[in-house]
Amino acid sequence: MHFFSSAGYLSRLKQALQWCRQHPVRALLAFVLTLALLADQLFPPPIPHDEPGMVVVARDGTPLRAWPDADGVWRFPVTPDKVSKNYLDSLLIYEDRWFYWHPGVNPLALLRAAWQWLAHGEIVSGGSTLSMQVARALEPVPRSVPGKLRQIARALQLELRLSKREILTLYLNHAPMGGIVEGVEMASRSYLGKSAQTLSAAEATLLVVLPQAPSRLRPDRHPEKAQIYRDKVLRRMAQLGHWTQVDVDDALIEKVGANPPRLAWLAPLAAERLRQASKRQHTQKRSSALTTHLGNLSAATIVQSTLDREIQTILERMLADKVGQLPRFVSMAAIVMDSKSLEVLGYAGSADFSDARRFSHVDMVRGIRSPGSTLKPFLYAMALDDGLIHSESLLADTPQSFSGYDPGNFQANFSGPVSVSEALQRSLNVPAVDLLDRIGSSRFTARLSSAGLRLRLPKDAMPNLSVILGGAGTNLEELVGAYRALAMDGMAGAPRITPDAPVREARMMSAGAAFIIRSILEGGGHPDQPFVEDDGSGVRLAWKTGTSYGFRDAWAVGVSGRYTLGVWVGRPDGTPNPGFFGANVAAPLLQQIAFALPRSAPLSQQRPAGVGTAQICWPLGVAADQTAAAHCHVKRSAWILKDTIPPSLPDRLRARSLVETIWLDPATHLRTTPDCQPKAQRHEVARWPSLLEAWLSPERKQELGLVPWSPDCQQTNVVGSIKLMGINSGSRLRTAPGKQDVVVTVDAVGGSGQHYWLLDGKQTENANGKKRQSFVIDSAGAHSITVIDAGGHVDSVAFSLDKK
């Protein structure tokens with residue numbers, strides 16, 4: 001209570017002075033110690049904490065790309081347990097045998113150095129401990145008495161603050177190794193091309209001696225001088241009995257030589273991505289979770305990646321070989337992922353990181369672009385899971401209009417009746433749009449988004465039918481994560497580029513749908529050719545291509561063995577590349593990468609429990625054993641899900657059953673009705689969807705009972721609002737004398753948009769799309785001409801040609 005009163009203060013001051021007079025030595029020591037502690041707090045040693053450098057490493061710890069610290073110095077952070085025992089032994093024995101015992105200064109070594117200086121008139125040895133060398137590395141001082149005293153003071157400060165292991169770690173990472181290279185690990189990789197963990201005795205002693213005179217002993221510039229100093233250390237180790245003479249003699253044989261330090265970068269854009277992520281994390285948390293425990297002391301951050309150095313090298317070499325064949329501004333991107341772990345093993349964001357003309361610094365693994373047709377496998381999988389289709393369901397690849405949206409195929413022609421397997425494998429557009437229209441664009445995009453594949457639409461735009469043909473944006477990384485579902489029982493996932501990244505999976509499709517879609521993309525989807533377990537002798541690749549509108553983007557994505565991989569080719573600025581499409585640019589590169597990847601045990605491709613096979617019949621689409629023989633026009637073997645065989649999709653143009661009753665005139669075998677012909681014969685026929693009957697040949701139509709109407713009972717068989725004029729169904733033509741052919745000219749009345757013409761069930765390549773067409777008929781027998789407009793309306797006439 002009275003401590004700060006004047007009387008109490010004076011009393012205590014007198015007591016303190018009396019104590020000092022009675023114990024002068026203790027008082028002096030206390031005073032000196034107090035001053036030292038105060039100076040230590042006011043002038044702390046420059047232990048590195050801020051602006052660290054950074055090294056991104058592969059999964060095996062080898063560096064991929066490094067960045068210097070704030071001073072422009074290159075370091076690869078390392079701890080004592082990651083350095084060769086040869087190096088640590090020679091360092092501690094030759095440089096500082098009493099390192100673990102002294103307080104930062106070795107008085108005997110200092111006295112020896114002082115005596116040598118007096119005896120020779122020059123500095124022979126510095127007498128510096130490792131702690132003093134660390135102090136000089138962190139705060140360079142002149143080689144003078146004041147400089148030495150400052151160095152000693154800093155060494156003592158380090159010893160007060162840090163453990164011996166931490167001081168040794170600072171030396172391992174800050175020892176000068178020539179130029180901008182510091183630390184044993186960076187020096188080992190720069191000069192010797194290997195990790196400091198595997199240094200031989202000769203290599204270890206070379207790096208031990210290098211910090212004594214980094215500029216004069218650099219092995220890439222002065223190998224002879226460096227070898228003299230190295231040999232001195234080797235002989236010293238033998239003299240002290242730490243290494244055997246035999247081992248030292250073997251080490252002395254090795255010649256010193258090294259290449260100039262070069263920074264060979266791998267995965268530069270992936271490394272930059274990780275660097276930025278680490279910086280953001282450090283900014284948010286003020287302490288990066290990716291920094292090692294002694295990372296602050298090593299003045300660098302190690303960022304661990306999942307990249308496989310061998311696979312990354314393969315990937316970059318493949319792109320480098322290909323880039324010379326591409327136009328000047330075209331770039332490429334590729335990614336390889338382990339399907340099971342979701343770890344990214346190879347990541348190339350651009351074709352050539354050194355070529356600025358190809359937008360080398362733009363990472364197209366993450367670039368948002370139109371995916372073209374690469375989304376089609378997910379649509380067919382969704383239709384399988386919905387029970388709309390099986391693998392051989394009958395689809396119509398014909399001109400159709402969907403509320404004003406008129407899709408066409410890449411090759412600008414149509415194939416008529418196709419199966420689901422054929423439509424997907426050939427990437428036909430109209431069947432895909434037809435299915436999406438039945439499933440719903442919003443529902444489809446929502447399913448993709450929930451599985452991690454987000455489709456970016458223009459602001460305020462809603463999903464529409466164009467999304468299945470590339471009318472929305474996504475990126476290569478998300479596509480690869482989605483295609484992973486084909487290898488992992490329908491589970492998509494987010495690719496992981498760091499080992500500590502969370503595993504994020506979501507169901508994209510059922511395991512059965514994944515099996516069927518993969519079967520289609522890998523081998524055509526034929527149940528009579530089932531999956532065979534790969535014995536490692538070959539490569540099986542299930543892949544799909546995509547081309548965006550205007551040839552701006554070429555894609556190829558697929559699964560092979562344990563890998564999911566993808567390729568993008570194009571210009572990052574979106575400029576078109578005419579003639580560049582997925583099949584001729586991206587797919588060959590994808591296949592080359594798949595064949596070059598290391599072989600490994602493939603993931604299981606056993607058929608899931610819900611997948612079965614069945615014989616089905618066209619045009620009804622149901623099981624063959626439940627279809628009348630007369631109604632089974634085409635038999636196919638199909639993959640089915642959960643023993644469900646959905647029938648053919650409903651006819652878009654005519655709301656009717658595909659099984660229909662028709663009446664034939666027994667005399668003429670033409671179509672009629674009982675009202676027109678009382679003796680008409682009743683027949684049950686299986687009709688093809690209206691859009692597909694145009695693709696049937698006259699002979700096939702005759703077989704199916706789809707014959708012209710009798711003139712006595714003329715009925716319109718026009719579907720929609722288009723009619724062929726110029727020749728009547730049932731006409732018989734004859735060639736003129738001396739001629740072998742006839743010219744038939746027909747007009748299409750009505751209809752809208754583009755007109756498509758078929759002769760005998762085959763689309764004519766030379767038709768110009770106009771409403772009047774002329775056809776040269778040169779073969780005798782039955783023929784048909786069909787016209788289809790952009791809305792899918794169709795009309796057909798059947799006739800025959802007799803030759804004289």
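At what angle do helix 5 and helix 6 pack, and how far apart are their axes? In this predicted model, local features need pLDDT of at least 70 and side-chain atom pairs count only at pLDDT 80 or more, while totals for chains, interfaces and linings use all residues. Residues are numbered from 1 along each chain as its sequence is written, and side-chain values use heavy atoms, leaving out hydrogens and water.

**Helix packing**

Helix 5 and helix 6 (residues 145–161) pack at about 105°, with their axes 8 Å apart. Axes are lines fitted to C-alpha atoms, for helices over the stretch in contact, and angles run from 0 to 180 degrees between N-to-C directions. Helix 5 and helix 6 are therefore roughly perpendicular to each other (angles of 65 to 115 degrees). Helices (H or I, at least four residues) and strands (E, at least two) are DSSP runs, numbered from the N terminus. The residues in the contact of helix 5 with helix 6 comprise 7 nonpolar, 3 polar and 4 charged. Here Ala, Val, Leu, Ile, Met, Phe, Trp, Tyr, Cys and Pro count as nonpolar, Asp, Glu, Lys and Arg as charged, and the others, Gly among them, as polar.

The axes of helix 9 and helix 10 come within 8 Å and cross at roughly 110°, which makes helix 9 roughly perpendicular to helix 10. Helix 9 contributes Ala201, Ala202, Thr205, Leu206 and Val209 to this contact, and helix 10 contributes Ala226, Tyr229, Arg230, Val233 and Leu234; contact means heavy atoms within 4.5 Å. By class, the contact of helix 9 with helix 10 has 8 nonpolar, 1 polar and 1 charged residues.

Both of these helices, together with helix 5, helix 7 and helix 8, pack against the buried residues of helix 3. Those residues are Tyr87, Leu88, Ser90, Leu91, Leu92, Ile93 and Glu95. Buried means under 20% relative accessible area, exposed over 50%, and partly exposed in between (1.4 Å probe, protein chains only).

**A buried arginine**

Arg65 is found in strand 2 (residues 63–67) and counts as buried at 9% relative accessibility. A polar atom of the Arg65 side chain lies 2.9 Å from the backbone oxygen of Pro268. Leaving aside residues up to four places away in sequence, Arg65 touches several residues, including Met54, Trp265, Glu272 and Phe353.

An open sheet of 3 strands has the order 18-20-23, with antiparallel pairing. Strand 18 (722–725) and strand 23 (772–777) are its edge strands, each pairing on one side only. The twist averages 25° from one strand to the next. Strand 18 and strand 20 (residues 742–750) pair over 4 bridges, and Ile722 stands opposite Gly750 in strand 20.

**Backbone exceptions**

Most residues other than glycine have a negative phi, and most peptide bonds are trans. The peptide bond from Trp618 to Pro619 is cis, with omega near 5°; Pro619 lies in the loop between strand 13 (611–618) and strand 14 (634–641).

Conventions. Parallel < 35°, antiparallel > 145°, perpendicular 65-115°, else oblique. Polar contact = N/O pair within 3.5 Å; in protein donor to acceptor, adjacent residues only side chain to side chain. Pairing = 2+ DSSP bridges.
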